[in-house]
Amino acid sequence: MSVAWQFYISTVLIYLGVDVIACWGLNLQFGVAGLVNFAYIVFQAAGAYTAAVLTLGPAKPAKLGGFQTYVGGASWPFPLPILAAGLVGGLLAAVVGGFAIRRLRSDYEAMVMLVVSLIATSVATNQVGLVNGPNGLALVPKPLETMLSLSPVGYQWMFVAITAAACVCVYWLVHIVTSSPLGRTLRAVRDNEQAAAALGKNVTGLRMLAFVLGGVIAGVSGAILVEFISAWSPGSWLYPETFVYFTAVIVGGSGNNFGVMVGALLVPVAFLEATRFLPQFGPPGLIDALQWILVGVLALVFLWFWPRGVIPERRRRFPSAARSDQKRSLIPTRTGR
Amino acid sequence: MNTLVPAIGFGIVTASILAVAGVGFTLQFGVTNILNLAYGDIMTAAAFIAYLVTSAGISVWLALVAGAAFGAVFSVLLNRAIYTPFVRHGTRLFGMIIVTIAVSLIVQNGLLAIFGANFFSLQMARPSSVHVGGMVFTSVQLAIIAIAIAVMLLVHLLLRYTKLGKAMRATATDPELARNCGIATDRVIDLAWAISGTLCGLAGVILVMNVTAFTDTTGSQFLIPIVAVAVLGGIGQPYGAMLGAVVIGIASELAAAVISPDYKDVVAFVILVIVLLARPQGILSEIATRKEVAA
């Protein structure tokens, strides 16, 4: 395999890993807990930004050759910025969830989340001191690059390995959550909030938990992305990006971790990468616009024909079974929270 | 003082645009229970229709009519062709939100594909300026205020004194019961989309009459204050939206004058958050509270 192809394939694999992690986080919020978080990309961006500033080191003043301003620069060793990114994603989710999830109907919630996303972009762009305005951050050092003396291609594959390891960790986390009694209770809240509340479940607390966990995972995915591409700008984290993840979750099969992984492979990676090989046509920006239209159409087509996705959520049955499927996740169990 | 009085003037203009847009948004949501996140993009589309009309050398007032008509027709068709079929198909609340946002992306990028990523402005005669107290308005801005007042009066008359208004309020409160009472709810819903679409189209055109340039994202950016207005007034409450528009319009222009123009939307957002924390049902919404208790 030529070096160029190795570069391309390893890059696509890293993007795939980031998208898979992000989709698992969104699936935890949307597929499992039924939270419509249209600001998902903001948590990913916050994680990415955290990782970037914790790797960049303190901001240099302009006269010493510094060209970007940001808050809280530090140069932490490799895995720490990514962990910190998860922490920041989770904290931000706790703050946003504090006002958006508490008492809102899911459609209000979606609307507020959309507004959060739009506002976050406008603040990040206008408040130059915070995240260097519309220019964003650049030249984020790549993790371990100076320590390991690898060839560029070798480094690429090393990064693929890091991403894969992160995927395994996150999968372990989402698997534990979704297959435990906690996951069952979250699905109960999603399917019938009143009934879950009537059984004594703390509905708001459970939704908050899913929201914060999703925020942590989003932060981690953003951190990996930024460590790889070593640049960050507010313009690449706009709300339509969230919609791509939603489409991936729906196409793959919301509520099913494996299905969501397939969705991440099909939508952000295969669907958006494929256009790279098309000949350029029309004025600049036309292909992007058509791509967005196609993503929108894809979401509509799937919601109409296959609303449960390519690999639907497993129907769960229990030995002491309730008669109707609708009530399937509401059976109280001794191990349930 | 020198900056505050003109800011209130701008605030009144912004409030007028917001009132038209907010009432349309909330009215449709109240009657049909579909949260149409493509609303801002339909506004942009109407603005582009107006742009085409004015570019053909036709007066901006006819462009306004064309924009409103486009909004009405597009909204009714959108509901008939996409939203209602999805609801009948069994798409639930989450699904419908995804559907409306998919439509929003399709419309916005459709406009981008057709018109390209440029700045556009409506062709109109240079407006003269008028001094009222310490405030300066252009003649166009005065017209916008007049249009908003006229629209609010018409909406008020429609809701209070016509059979259609009564039927709309009945459908908003309980569609099943309304149907059982012999109200043709399908027709009421069509009309609600038509009225909301008219307001949406009007709002889109007066929005771009008031700015120097617009792009394919102008309308979706404006969705922030619209949502704030609708939530502040209590969703589905046209009178609440009118009040919300005045509050948010003036507050955001004052903030623009005192702090920085970049923070207009942030103020709307802060008000939104405060309302959500303190009174999620909105400031003027006894009906919504009662509904909550009954459900």
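This is a predicted model: local features need pLDDT of at least 70, side-chain atom pairs count only at pLDDT 80 or more; totals for chains, interfaces and linings use all residues.
Colleague: Which residue in the turn of the hairpin formed by strand 1 and strand 2 of chain B has a positive phi?

Modeller: Residues are numbered from 1 along each chain as its sequence is written, with chains lettered from A and ligands numbered from 1 in the order in which they are written. Strands (DSSP runs of E, at least two residues) and helices (H or I, at least four) are numbered from the N terminus. The hairpin has 2 residues between its strands, and the turn residue with a positive phi of about 60° is B:Gly133.

Colleague: In strand 2 of chain B, which residue is the bridge partner of B:His131?

Modeller: Strand 1 (residues 129-132) and strand 2 (residues 135-138) of chain B pair (at least two DSSP bridges between them) in the antiparallel sense, over 4 bridges. In that strand 2, the partner of B:His131 is B:Val136.

Colleague: How many residues of the side of chain A that touches chain B are nonpolar?

Modeller: The contact (C-beta atoms, placed from the backbone, within 7 Å) takes 36 residues from chain A and 33 from chain B. On the chain A side, helix 4 (106-126), helix 10 (239-252) and helix 12 (286-305) each supply at least two residues. Counting Ala, Val, Leu, Ile, Met, Phe, Trp, Tyr, Cys and Pro as nonpolar, Asp, Glu, Lys and Arg as charged, and the others, Gly among them, as polar, that side has 6 polar residues, 2 charged ones and, as nonpolar residues, 28.

Colleague: What percentage of the residues in chain B are buried?

Modeller: Buried means that 20 or more other C-beta atoms, placed from the backbone, lie within 10 Å of the residue's own. In chain A, with 337 residues, the buried share is 46%. For the 295 residues of chain B, the share is 52%.

Colleague: Over which residues of chain B is the pLDDT below 50?

Modeller: Chain B averages a pLDDT of 86, and 94% of the residues score at least 70. The stretch below 50, which has 7 contacts in the model beyond near neighbours in sequence, is residues 286-295.

Colleague: What is the radius of gyration of chain B?

Modeller: The C-alpha trace of chain B spans about 55 × 40 × 35 Å along its principal axes. Taken over C-alpha atoms, with a globule rule of 2.2 Å times the number of residues to the power 0.38, a compact globule of 295 residues would have a radius near 19 Å, which agrees with the value for chain B, 19 Å.

How values were computed
Two residues are in contact if their C-beta atoms, placed from the backbone, lie within 7 Å. A residue is buried if 20 or more other C-beta atoms lie within 10 Å of its own, exposed if 12 or fewer, and partly exposed in between; C-beta atoms are placed from the backbone. pLDDT is the predictor's confidence in each residue, from 0 to 100.
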